[in-house]
Amino acid sequence: MNIPHLTSIVIFLPMVGAILTILARRTEQVKWVALVVTSVTFLASLGLYVGFDPGISTASSPQMGDVALWFPVAFDIKYFVGIDGLNLLLVLLTTLLGPIVILSSWTSIKEHQKAYYTLLLVLQTGVTGVFTSYDLFLFYVFFELTLIPMYFIIGIWGGENRIYAAFKFIIYTLVGSLLMLVALLALGFMAGDAINGGVFTTDWYKLVSYNIPVSSQGWLFLLFALAFAIKIPLFPLHTWLPDAHVQAPTGGSVILAGVLLKMGTYGLVRFCLPLFPVASQKYAMMFAVLAVIGILYAALVCRAQTDVKKLVAYSSVSHLGFVVLGIFAFNVEAMQGALIQMVNHGISTGALFLIVGMMYERRHTRLMKDYGGIAKSVPILSFFMIFAVLASAGLPGLNGFVGEFLILIGAFKSSVLGSPMLVALATTGVILAAVYLLWMVYRIFWGSLENEENASMADLNGREIGLLVPLVLLMIILGVAPNPFLEKSEPAVRDLLELIESKRAAAESESSLEFEYRYADTPEFRVPEIDEAALKAARKITGASAEETESSFGLK
Amino acid sequence: MDLTQSFSSLGADIIVSAPLVLTMVMGLVIVVLDAFRRNHVATPWIAALTLAFGLVMEITRIGAASGTAYYDLLRVGGMAAYVNALIFGSGLLTVILARPYLESIGHHIGEVYALILFASTGMIVLGTANSLITIFVGFETMSICLYILTGLVRTNQGATESALKYFLLGAFATGFLLYGIALMYGATGTMYLHEMQSAVGDHQTMFRSGVGLLLVGFLFKVSAVPFHMWTPDVYQGAPTPLVGYMSTASKSAAFASLILVLYLALPSTQWIGVVAVIALLTMVIGNVIALAQTNVKRMLAYSSIAHAGYILVGLAAGSPEGYSGALFYLLVYTVMNIGAFGVIALLEWDGTQGSEQSLDSLSGIGYKKPLLAWSMVFFMFGLAGFPPLGGFIGKVAVFGPAIHSGLTWLAIVGVLTSAVSAYYYLRVLVVFFMKESNPDVATDNITFSVPGMSAAVIVLCVIMLIVLGIVPTFLDVTASFFDGNMLATLP
């Protein structure tokens with residue numbers, strides 16, 4: 001079932017909502033407009049889920065998308081959006097978190113509501129656009145568009161140290177993304193001159209069909225990967241994240257952890273790997289090591305936190321380390337695991353931030369020592385928190401397990417990484433996650449109620465329960481029956497990995513051809529002449545594959 | 001050539017350069033009118049209508065083929081029309097913004113409008129010059145008017161100081177320019193840009209010395225490092241809306257002229273290295289020093305130095321792509337800067353603060369004057385080069401060609417300095433929105449109202465900025481100037 005233009009509708013509905021909120025006369029109307037618009041957007045995005053058919057190949061064009069030339073003739077830059085297996089679930093995650101974030105801000109945001117909800121809606125358009133762009137330039141525009149609202153959300157509605165955090169967030173990200181812009185422009189001209197008749201191009205499909213010279217892949221890859229690594233954030237570029245998370249209002253934290261960080265990992269999958277296959281395999285080990293350091297380091301840092309929000313923030317660094325590890329394993333299991341883990345992390349960490357926000361709203365403190373034993377006074381809140389903690393820690397049967405398990409299996413047998421030791425180290429991260437999360441639960445929820453104020457804490461109200469229930473349900477569904485979701489992305493993941501492999505092979509044979517040309521005249525390197533007929537005959541007799549036959553002929 | 005023939009061609013020339021001639025004549029009319037009816041209410045309207053007429057005329061001629069007038073001294077149509085439209089547009093918006101501002105500081109005098117018209121005349125002559133002598137005439141006409149406009153508020157010591165500083169340094173720069181012209185003429189025997197290259201012959205050293213001195217003059221006008229020292233003082237001292245005009249229109253004119261010189265007279269690549277190094281220094285020094293500024297106008301002055309650096313990156317690319325990117329950048333820059341200075345001018349609410357206004361005194365203004373403050377959000381993000389605003393497309397339009405020409409290192413430095421610039425641009429927004437209101441200046445008591453026309457100009461700038469970012473077809477227009485016809489249509 002193909003619904004035309006649906007992707008564009010899902011992207012721009014929140015923007016329309018933003019215009020409506022600007023025009024709204026009364027402040028009370030604003031949050032209702034925002035809620036209705038994001039809910040409608042979510043319903044529309046369900047159409048994407050239903051309509052997306054993984055059986056139809058997206059190797060030449062995405063589904064339910066739109067394409068139009070955006071720039072003048074001198075540039076082949078398009079408005080090109082659509083859905084394929086790689087971005088479908090991330091789009092759904094974004095649209096699901098939309099109304100949830102708005103509901104979570106319902107009473108906690110009291111000042112400048114109009115600006116807040118308008119910025120949230122603009123932010124959603126930006127994030128959805130990032131995930132659905134098939135033009136690198138358009139991707140970049142959306143990527144940067146997300147910075148502006150997030151900067152204000154942290155800076156205006158954040159905690160005491162909000163200005164510092166907002167600056168750190170935007171400058172960090174900006175350095176990375178501007179360097180990516182240089183790489184993007186260089187790549188566009190390079191591809192344009194090579195395959196597009198001299199016209200600058202950033203069309204994803206054209207770019208992936210172009211084998212970028214191996215000599216240029218290295219620096220282009222590193223500039224792209226730097227931008228994404230800052231966004232993810234990969235150790236040691238993660239220092240902006242705790243500040244931004246702790247200072248941001250709850251809604252901002254949820255969006256930040258839930259979807260903004262995924263723009264980095266998604267960028268790696270969508271652009272870095274297929275565009276620079278040789279370089280990304282060359283640097284795979286480096287990224288995997290950084291990811292594992294991040295997993296372990298962040299987990300240890302979590303254990304030392306006194307501020308519960310900071311703990312959840314650092315746990316993001318740890319969890320996204322798994323995703324990066326999965327991406328650089330270059331096989332179907334790990335990649336699938338990485339994709340589903342992005343969604344899982346959005347759900348469970350999103351829920352954790354929501355609940356921490358609810359606790360803060362009641363007690364105005366995030367320090368664990370101010371709590372203790374509150375399971376008795378707020379049983380419903382405690383139930384949801386512990387549920388989210390278990391999902392985040394990767395308890396089998398809940399969503400976190402599926403992703404981490406697939407990633408670890410894939411990484412373990414990865415031929416690119418080829419280092420089971422590294423994966424074994426990463427696995428200890430799962431244990432550490434259980435340690436710091438359960439320790440946090442212990443300090444906040446168990447024990448005796450010592451603080452008077454905690455005894456009179458109000459439990460969750462209907463609105464708060466309502467916004468947590470969908471997340472909890474998803475934790476169970478994704479944990480028990482992940483297959484329907486995995487099936488949606490599997491063909492795309494296979495296509496992607498095949499593409500990477502074929503491009504890598506092409507680059508390799510090209511460099512060996514160069515070798516042959518260079519040494520063609522020297523007797524030592526004379527290439528034996530291939531007798532095609534003999535090869536074919538031999539293949540027929542032995543039933544072996546082409547490579548095997550060739551190797552037995554001594555050709556390779 | 002007999003006399004009747006030359007007169008008939010003069011008539012045709014006057015018709016094709018009607019906006020230029022009219023601007024000059026109406027400037028004189030204002031002077032005369034002001035002599036009889038001091039500060040007549042119609043004066044600003046005469047200026048505005050003249051500029052609006054010129055703007056409309058030139059816009060309609062952007063698509064037309066380019067040619068020359070007055071015996072090849074001036075260019076018309078195509079790129080010339082585009083540059084003229086920039087100058088007229090900038091002047092028109094400035095006239096609208098300046099009237100209430102000058103009234104509020106008590107210096108509303110008719111001469112301002114005459115000077116704006118004369119300055120525009122000079123800028124047009126400079127920006128469309130096809131001969132070294134026209135370059136000099138335009139350069140001087142423009143500069144002298146700007147010196148006077150800078151020192152307009154005679155009672156303000158800072159303004160007088162900055163005007164004197166501008167005049168002395170400017171005179172020096174003009175000297176360099178003139179010396180350069182003399183040497184270039186000596187080496188080639190021609191004043192015409194398009195004939196220069198073929199006429200150099202054996203006098204390479206003399207020619208190069210001349211070009212070097214000529215570049216000094218231009219780089220002074222566009223406030224490139226190391227000739228930028230005057231900029232912060234002048235911007236701080238001059239009346240704020242007029243700073244918007246000086247920083248945009250004079251830059252458009254000087255850059256357009258520089259592009260013509262590089263494209264027509266120096267097509268060889270030997271100047272790329274020099275321009276690239278100047279661009280690098282300008283971006284780095286402009287952006288880094290801007291970080292340390294506490295006065296908004298000084299900060300924007302250093303920012304405008306940095307933007308000159310970005311435009312020079314486009315020139316350093318040395319390709320038609322780069323020149324067209326630079327011309328596009330000038331359009332975006334005009335919109336952003338007029339808007340930003342317009343907002344700052346409107347926020348100088350009690351007149352006394354004026355040039356001394358510190359950024360911190362504006363804290364919390366975002367919720368008092370939401371329209372101005374949110375417009376400023378667009379200008380600041382635009383200047384910092386964030387998509388989807390025009391500033392971003394402008395940066396792509398200048399950095400892209402530089403990368404294409406192999407100047408990737410320059411582009412990398414450029415984007416890093418522009419990340420630095422984000423800090424000081426966003427600091428303005430921090431003060432506007434994220435800090436508590438400053439009790440010392442009691443922003444609670446602000447009662448000034450924003451004049452409707454000024455608000456309209458600000459909103460227009462915001463809309464233009466968004467449109468330029470989302471509908472980048474203007475790039476096609478600027479690219480079409482360099483399709484080879486520019487040289488071909490010369491007789």
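Visitor: How much area do chain A and chain B bury between them?
Guide: About 3300 Å² in this predicted model, and 85% of that is on carbon and sulfur atoms. Buried area is the accessible area (1.4 Å probe) that two parts lose on being put together, summed over both.

Visitor: Before I go on, how are things counted and numbered here?
Guide: Residues run from 1 along each chain as its sequence is written, while chains are lettered from A and ligands numbered from 1 in the order in which they are written. Local features need pLDDT of at least 70, side-chain atom pairs count only at pLDDT 80 or more, and totals for chains, interfaces and linings use all residues, with side-chain values taken from heavy atoms, leaving out hydrogens and water.

Visitor: How many residues does each chain bring to the contact?
Guide: Chain A brings 35 and chain B brings 39, where contact means heavy atoms within 4.5 Å.

Visitor: Which elements of chain A touch chain B?
Guide: α5, α6 and α7 (162-195) each give two or more residues. Helices here are DSSP runs (H or I, at least four residues), numbered from the N terminus. α7(A) gives the most, with 15 residues.

Visitor: What's that side of chain A like by class?
Guide: There are 30 nonpolar, two polar and three charged residues. Asp, Glu, Lys and Arg count as charged; Ala, Val, Leu, Ile, Met, Phe, Trp, Tyr, Cys and Pro as nonpolar; the others, Gly among them, as polar.

Visitor: New topic: what volume does the largest pocket have?
Guide: About 1500 Å³. A pocket is an open set of points on a 1 Å grid over the protein atoms alone, where a 1.4 Å probe fits, with protein on both sides within 12 Å along at least five of seven lines; lining residues have an atom within 4 Å of a point. Volume is the space filled by probe spheres set on the points, which are joined across faces, edges and corners.

Visitor: Which residues are closest to its centre?
Guide: Out of 37 lining residues, Ile22(A), Thr118(A), Val122(A), Phe378(B) and Ile466(B). The largest share of the lining, seven residues, is from α15(B). By class, the lining has 31 nonpolar, five polar and one charged.

Visitor: And the second largest pocket, how is its lining split by class?
Guide: That lining has 11 nonpolar, 12 polar and nine charged residues. The second largest pocket holds about 720 Å³ of space, and α15(A) supplies the largest share of its lining, four residues.
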